Amino acid sequence: MSDDGHEQNGHEQNGHENVPSRQRRRFPGISSRAYEHPADRSALVALRKLSGFDTVFKALSGLLPERSLRLMFLSDSVRVSDQQFAYLNDMLRDACYILDLEKVPPMYVSQDPKPNAMCIGLDEPIIVVTTGLVDLLDEEEMRAVVGHEVGHALSGHAVYRTILLFLTSLAIRVAWIPLGNLAIMAIVTALREWFRKSELSADRAGLLVGQDLRASMRGLMKLAGGHHLHEMNVDAFLKQAEEYEAGGDLRDSVLKILNVLPRSHPFTTVRAAELKKWAESRDHQRIMDGHYPRRTEDKDTSVTDSFRESAASYASNVKSSKDPLMKLVSDIAGGAGDLGGRVRRGFGGFTTTTTRDDEPPSDTETPRSDN
């Protein structure tokens with residue numbers, strides 16, 4: 001049972017292990033600002049403050065394939081209900097109950113061996129999970145995923161995801177128009193960067209719903225390595241994230257940026273590390289203790305304060321990052337000398353510094369490891 005008496009039953013359907021029911025905290029009136037990543041939150045606060053924002057995007061619905069998508073899922077997927085995928089329906093209702101989302105969005109299971117889930121739609125969000133994902137995850141892992149998608153719905157991410165899908169499709173259609181394609185791809189690139197941060201927000205929502213960090217970690221690990229859970233280890237998986245961030249030189253840093261640019265999601269090891277860091281933070285503990293912003297306060301949120309928090313978050317990430325490029329940026333901001341030498345060494349061109357015989361090496365010219 002939940003704190004307010006909501007049932008949390010285990011199920012043994014489709015090979016899913018029966019999980020004993022347990023208490024989970026509920027968050028009445030919680031604002032999505034409570035769990036949103038600062039970069040995601042600042043963009044959403046600004047958009048919500050724009051006069052006529054909802055009207056403009058609803059007007060765009062005629063240009064977007066939303067109605068077609070709804071009909072497609074209705075006609076060629078299985079709608080989750082008490083009669084179909086009942087255990088998923090229980091998870092969905094429970095996730096909406098915990099995050100206090102009044103209207104439960106429709107949810108569909110779509111035949112696709114690739115594990116995936118999404119929340120799309122302009123007027124009303126719909127959630128879609130693939131059979132590949134349903135087959136891959138156990139009940140507690142799936143609960144975190146359903147909470148992840150409900151978090152998208154509560155934040156309003158479904159609107160922007162639908163627009164991102166539309167613009168990506170449009171960019172392909174106008175690829176023969178050089179300037180038109182460049183303009184659209186610039187918008188798509190910016191949307192993808194925002195959306196990657198929104199995925200970190202939704203991961204946090206999934207943790208608030210499932211309230212089982214290890215299950216969230218296992219789910220991300222399975223997305224990376226498949227269902228061979230007995231061959232994987234969460235701690236070792238998290239060490240990969242550390243190695244990914246700190247390893248290599250400036251060339252690897254550039255390659256990391258190029259690799260992530262076309263993606264709408266951060267890499268799974270990065271997501272796992274970010275979620276663990278947030279789970280151990282004071283912000284998460286305050287939410288679990290019942291201290292969080294309410295939706296009734298959203299209208300009073302300051303755009304300036306939100307952007308300031310976002311900038312502070314980016315600055316903190318740069319300062320604490322072990323990535324060679326981020327360390328270089330941090331050193332430049334701190335006034336470090338011998339910039340040219342540092343860059344050359346970062347790209348593997350130099351490992352030592354030559355000085356004149358009559359001139360002792362300065363502190364800034366002393367070679368040091370970037371690791």
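At what angle do the axes of helix H6 (residues 139–155) and helix H9 (residues 213–225) cross? The first view gives the answer, after a short note on the model.

This is a predicted model, in which local features need pLDDT of at least 70 and side-chain atom pairs count only at pLDDT 80 or more, while totals for chains, interfaces and linings use all residues. Residues are numbered from 1 along each chain as its sequence is written, and side-chain values use heavy atoms, with hydrogens and water left out.

**View 1. Helices H6 and H9 cross.**
The two axes come within 8 Å and cross at roughly 85°. That makes H6 roughly perpendicular to H9, a label for angles of 65 to 115 degrees. Axes here are lines fitted to C-alpha atoms, for helices over the stretch in contact, with angles running from 0 to 180 degrees between N-to-C directions. Look for Glu-140, Glu-141 and Ala-144 in H6, which meet Ala-215, Ser-216, Arg-218, Gly-219 and Lys-222 in H9. A contact means heavy atoms within 4.5 Å. Helices (H or I, at least four residues) and strands (E, at least two) are DSSP runs, numbered from the N terminus. The protein has 16 helices and four strands.

**View 2. Four strands make an open sheet.**
Follow the strands in the order S1-S2-S4-S3, and you will find mixed pairing. Two strands pair if DSSP finds at least two bridges between them. Strand S1 (78–79) and S3 are the edge strands, each pairing on one side only. Strand S2 (residues 107–110) runs parallel to S4, with four bridges between them. Met-107 has Ile-127 of S4 as its bridge partner, and Ser-110 stands opposite Thr-130 in S4. Strand S3 (residues 117–120) is antiparallel to S4, again over four bridges. Here Cys-119 stands opposite Ile-127.

Across the protein, buried residues make up 43% of the 371 residues.

**View 3. Helix H6 lies across the sheet.**
H6 lies across S2, S3 and S4, and runs at about 20° to S3. Glu-149 has its place in this helix. With a relative accessible area of 3%, Glu-149 is buried. Leaving aside residues up to four places away in sequence, Glu-149 touches Ala-117, Met-118, Cys-119 and Ile-127.

**View 4. Nonpolar residues gather in cores.**
In soluble globular proteins, nonpolar side chains tend to be buried together. A nonpolar core is a set of buried Ala, Val, Leu, Ile, Met, Phe, Trp, Tyr and Cys residues joined through side-chain atoms within 4.5 Å. The largest one in this model has 48 residues, and those with the most contacts inside it are Phe-27, Ile-30, Leu-88, Leu-99, Val-150 and Leu-208. Helix H4 (residues 86–98) gives this core its largest share, seven residues. Another core, of six residues, lies apart from the largest one and includes Tyr-108, Ile-120, Ile-126 and Val-128. For a closer look at Leu-99, find its contacts beyond four places in sequence, including Phe-27, Ile-30, Val-150 and Leu-208.

How far is the sulfur of Cys-96 from the closest cysteine sulfur? That closest sulfur is in Cys-119, 9.8 Å away, which is too far for a bond. A disulfide is a pair of cysteine sulfur atoms within 2.5 Å, and by this rule the count comes to zero. Cys-96 is buried at 2% relative accessibility, and Cys-119 is buried with a relative accessible area of 2%.

**View 5. Ser-198 sits in helix H8.**
Is Ser-198 buried or exposed? At 0% relative accessibility, Ser-198 counts as buried. Ser-198 lies in helix H8 (residues 178–210). Not counting residues up to four places away in sequence, Ser-198 touches Asp-40, His-152 and His-157.

Definitions and conventions:
Buried means under 20% relative accessible area, exposed over 50%, partly exposed in between (1.4 Å probe, protein chains only). Angles under 35 degrees count as roughly parallel, over 145 as roughly antiparallel, 65 to 115 as roughly perpendicular and the rest as oblique.
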